[in-house]
Amino acid sequence: MKIVVCIKQVPDTKGGVKFNPDGTLDRASMMTIMNPDDKAGLEAALRLKDQYGAEVTVVTMGLPKAEEVLREAIAMGADKGILVTDRVLGGADTWATSQTIAGALRNLEYDLIITGRQAIDGDTAQVGPQISEHLDIPVISYAQNLRVEGDSVIVERQFDDRYHVLRAKMPCLVTALAELNEPRYMTPGGIFDAYKAEITVWGRADLKDVDDSNLGLKGSPTQIAKASDKVRKGTGEQVTLDPSEAADYIVGKLKEKHVI
Amino acid sequence: MNLEEYKGVYVFAQQVDNVINNIAFELIGKGKDLAEALGTKVTAVLVGSNVEGLADELAEYGADKVIVVDDPELNEYRTEPYAHALASVVQKYKPEILLVGATAIGRDLGPRVSARVHTGLTADCTQLEIGDFPINPMPGKEQKHNQLLMTRPAFGGNTIATIACPDFRPQMATVRPGVMQKREKVSGAKANIEKFNPGFTPDHKYVEILEVVKAVTDVVDIMDAKVLVSGGRGVGSAENFKLLEDLAEALGGTVSCSRAVVDAGWKSKELQVGQTGKTVRPHVYFAVGISGAIQHMAGMEESDIIVAINKDETAPIFSVADYGVVGDLNKILPILTEQIKAAKVAG
């Protein structure tokens, strides 16, 4: 079985957000990580590899620096890494990104494609389903459990108040939730392999069956009209009181606002 | 693509088990504002099996027209037949705007449809308006009028971005539940109802549903609560949430929580407020033992009144609180609950 996992290098916004003096996000000092949902997707692929002997290829699109997440994935147990990077691909929205990745995946053989549900920097959850549409294969998003049975995948798909157990014929694309599993750590042997591993680098010319009009900033239907730092509600009152005074204070405010 | 052919504001009216989701009414409400600005109408697209009877309810919340796509293949939500239904509506009726709820269903359906009809899709919008793009005139670039300007948080809520889709139609957005206001229900209001069936032939993209497992729950939806008493890691344990439950009961409210509490296994995911949970805007929000991660604040800062109780005076939650109390929640909550009960009896 051949599995392709799409991963993304993202700034670590969880817990480690740093600001510049002017209040903007200080990206330079922020660490980058493998996107958590993608890492769960990779773990799911590696478990299938452990069980069925699958070949796992990781693909990422980004700046040359994004090679780091491919090496991390190889250190965890992935077999091959492919970096898609090219200046003309920059500024892509989800349409152009999914076109780019679909163009790269057309060069590969796959039974199963796994992506994370969403990246923590954009939170759109669009690229996985859009890739599946471009490749004309079924998609099951929000996977909370995953197994292979013959030529099909069986997936528990999470909704708000329920889950569906779904069967899809492979090839198929599945988007993974971070809750899917607990990703393994890199192994010392794996880290050693990852350093030696040859990373395949693809540019625009290596993308198959994609028109220039669908790539990069120019191929992006959505455009940014403006971006600004979030204006937060101003700080109100802050008091330090002993417990019964604190209770009096809150009750007073709730009465004032006619809550009680 | 001739943009002039695309007219009208369309909303996907999500139903599950033949019950319309609140998000449908919220989208109609917002859709009315946009349609008024554009001088056009709001059409709800109702997709399912035996759902025609639900159309009147959409009319009562303001839909001018309802397109019903009714087919046995659409009984339970599945990506392919629903994407085919909605994409076929787009291809036939050519809406200029299409809004979809940013629910588990909408966030699956939206991208598939936008990819099929080749247009842009802006995710998880919290604000929608009609305006010019570019917002200010730019030399060498045509300024287009009557564009949908879609605003959404990005980078974990640190940034707000406004997005336009000037050269493709429909302009598509998924919209966060709980953010837009539905209109007052007008009993007996009627809409023009039109049936449309593009034909459903199962192919390799249709997945098979083996089982549907519903969570058994009697929990009140936190998005509907007027008062929320929300606990974070600082509450200390699942058992200690009793203090919050008592306070919530005294106020006629509901308990919710931060992500840390769900991760610790103290409360279920349905009660989680924040970027990866639910967006709430109750009349009163108590943040108890919640430090205030940006992702949490993104889900509650629109609440009318925010009361924070935290022992750490530097906790970020105080930056959005109307009333912040530095102190020990274990000591404050029992007294507060008693006083509120007493005040209610006296009142």
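**Legend 1. Two domains in chain B.** Domain bounds here come from an automatic or database domain assignment. For chain B, that assignment gives domain 1 (3-195) and domain 2 (222-346). The centres of domain 1 of chain B and domain 2 of chain B, taken over C-alpha atoms, are separated by 33 Å. Where the two touch, domain 1 of chain B contributes 8 residues and domain 2 of chain B contributes 10 residues to the contact (C-beta atoms, placed from the backbone, within 7 Å). On the domain 1 side of that contact in chain B there are 3 nonpolar, 4 polar and 1 charged residues. Nonpolar covers Ala, Val, Leu, Ile, Met, Phe, Trp, Tyr, Cys and Pro; charged covers Asp, Glu, Lys and Arg; polar covers the others, Gly among them.

A note for all views: this is a predicted model, in which local features need pLDDT of at least 70 and side-chain atom pairs count only at pLDDT 80 or more, while totals for chains, interfaces and linings use all residues. Residues are numbered from 1 along each chain as its sequence is written, with chains lettered from A and ligands numbered from 1 in the order in which they are written.

**Legend 2. Where chain B meets chain A.** The interface brings 75 residues of chain B into contact with 67 residues of chain A. On the side of chain B, helix α8 (residues 329-346) supplies the largest share, 8 residues. That whole side of chain B divides into 41 nonpolar, 17 polar and 17 charged residues. Helices (H or I, at least four residues) and strands (E, at least two) are DSSP runs, numbered from the N terminus.

Legend 3. Axes are lines fitted to C-alpha atoms, for helices over the stretch in contact, and angles run from 0 to 180 degrees between N-to-C directions. Angles under 35 degrees count as roughly parallel, over 145 as roughly antiparallel, 65 to 115 as roughly perpendicular and the rest as oblique. To find the contact, look on α6(A) for residues including A:P243, A:A247, A:I250 and A:K255, and on α8(B) for residues including B:K331, B:I335, B:L336 and B:A343. The contact of α6(A) with α8(B) holds 10 nonpolar, 2 polar and 2 charged residues.

Across the chain boundary, strand β12 (residues 223-229) of chain A is joined by 6 bridges to strand β10 (residues 159-164) of chain B, running antiparallel. One place to look is A:D229, whose bridge partner in β10(B) is B:T159. Next along, β8(B) and β9(B) pair in the antiparallel sense over 6 bridges, with B:Q127 partnered by B:T151 in β9(B). B:T151 also stands opposite B:T162 in β10(B). Strand β9 (residues 144-154) of chain B and β10(B) run antiparallel and are joined by 5 bridges, and B:P153 has B:I160 of β10(B) as its bridge partner.

**Legend 4. The parallel sheet of chain B.** This open sheet has 7 strands in the order β7-β11-β6-β1-β4-β5-β12 (chain B), paired in parallel. Its edges are β7 (121-125) and β12 (192-195) of chain B; each has a single partner strand, so one side of each is left without a neighbour in the sheet. From one strand to the next, the twist averages 20 degrees. Strand β6 (residues 97-101) of chain B and strand β11 (residues 171-175) of chain B run parallel, joined by 5 bridges, and B:L99 stands opposite B:A173 in β11(B). α1(B) packs on this sheet too, touching β1 (9-13), β4 (42-48), β6 and β11 of chain B, with its direction at about 175 degrees to that of β1(B).

**Legend 5. A helix pair within chain A.** Helix α2 (residues 67-76) of chain A packs against helix α5 (residues 188-196) of chain A at an angle of about 140 degrees, their axes 7 Å apart. That makes α2(A) oblique to α5(A). From α2(A), A:R71, A:I74, A:A75 and A:M76 meet A:G190, A:I191, A:D193 and A:A194 of α5(A). This contact divides into 5 nonpolar, 1 polar and 2 charged residues.

How values were computed
Pairing = 2+ DSSP bridges.
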